[in-house]
Amino acid sequence: MFKSPAALVLGLGIAFGSLNFSPQPLQAAILVAQAEWEYEVGDRLEINRNGQWRSGEVIGVTADNDMRLYRVLYLDVGFLEKDVPASRLRPSDFASQPQTQTADIDLDQPVYVERDGEWLRARILYGIISAGRPAFTVQYHGDRAIEENVPIFRIQNVDVTQTHNASSQAYDLSTQAGIDEMLAAHNYWRSQVGIAPLTWSDELADFAQDWAEELAAKQRMQHNPNNPDFGENLATGTNIFFSPEQVVNLWGNEVADYDYQTNRCAPGKMCGHYTQLVWEETTEVGCGMVRKDNGWEIWVCNYDPPGNYVGERPY
């Protein structure tokens, strides 16, 4: 039986940070290298001869300077050839696999990976190219699980997956899945302190989206000076590709710096985003976001009625 390769020839990483975190852009490149499969006598495979892949079988294996060479039999004509390197061989089922060109996948951005019939958010850690076929090691965002040897046809760009509504997860608010995730993330934090869930407001979402677009045009972060009387939370980052849940968790994690007994933030810390999340009198939320081609993104959420009144506890 042939054995999977161990050579690693692609290195990637995606950083997740706190509010206003702006890591350096990641530069991805596929370093095409020969990561050889190892075959044994009796393996059926395909042999590249003069640019054509032909059916064959391994009938002998030799070693030359630590390199395995193969004696193969062409099954169509019965021709024997010796000293064939692994670079001219590939598994016999290669042609039956769905093939996607690696260049079609934006490897320095988050992706979706198909697992058990669902397209899940993930990042590519590294990859190999073996016998002409790319395979990748990925880490899923949700449970942080790592999966090796993921074929390219199980990987899709964000825009492709979301355009076809192929996933219940999202990286923005352009789909109902993104809106549902944003609302669920808000209500998770409210459930932790036993207060009623929020409902989604299209009016607030439109208001938030208009302000997000103004901020994106200037690539700046500031509260809306023309806010009629809505609560407002902001988040921004560069080359992070936040999900709706991650944005809300940036705000929710400020709970560690909030003291309910004194109703104050820890010295030098920020906790007002969290208290707006869990303001009991707030009943509606609506959010907008923009992600620019250079990787800069801004998220805006508005709340009605607003929270964070001086001297009052959130719940």
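Mentor: Helices (H or I, at least four residues) and strands (E, at least two) are DSSP runs, numbered from the N terminus. This is a predicted model, in which local features need pLDDT of at least 70, side-chain atom pairs count only at pLDDT 80 or more, and totals for chains, interfaces and linings use all residues. Residues are numbered from 1 along each chain as its sequence is written, and side-chain values use heavy atoms, with hydrogens and water left out.

The part to examine is helix α4, which spans residues 244-252. Its buried residues are P244, V247, V248, L250, W251 and G252, where buried means under 20% relative accessible area, exposed over 50%, and partly exposed in between (1.4 Å probe, protein chains only). Among the elements covering these buried residues are the helices α2 (176-191) and α5 (272-277), along with the strands β13 (231-238) and β17 (296-304); contact here means heavy atoms within 4.5 Å.

P305 lies in the segment after β17, and the peptide bond joining D304 and P305 is cis, with omega of about -10°.

Two asparagines also call for attention. N149, in strand β10 (residues 146-151), has a positive phi of about 55° although it is not a glycine. N149 counts as partly exposed because its relative accessibility is 44%. N165 sits in the loop between α1 (158-163) and α2. Its phi is likewise positive, at about 50°, and N165 is not a glycine. With a relative accessible area of 58%, N165 is exposed.
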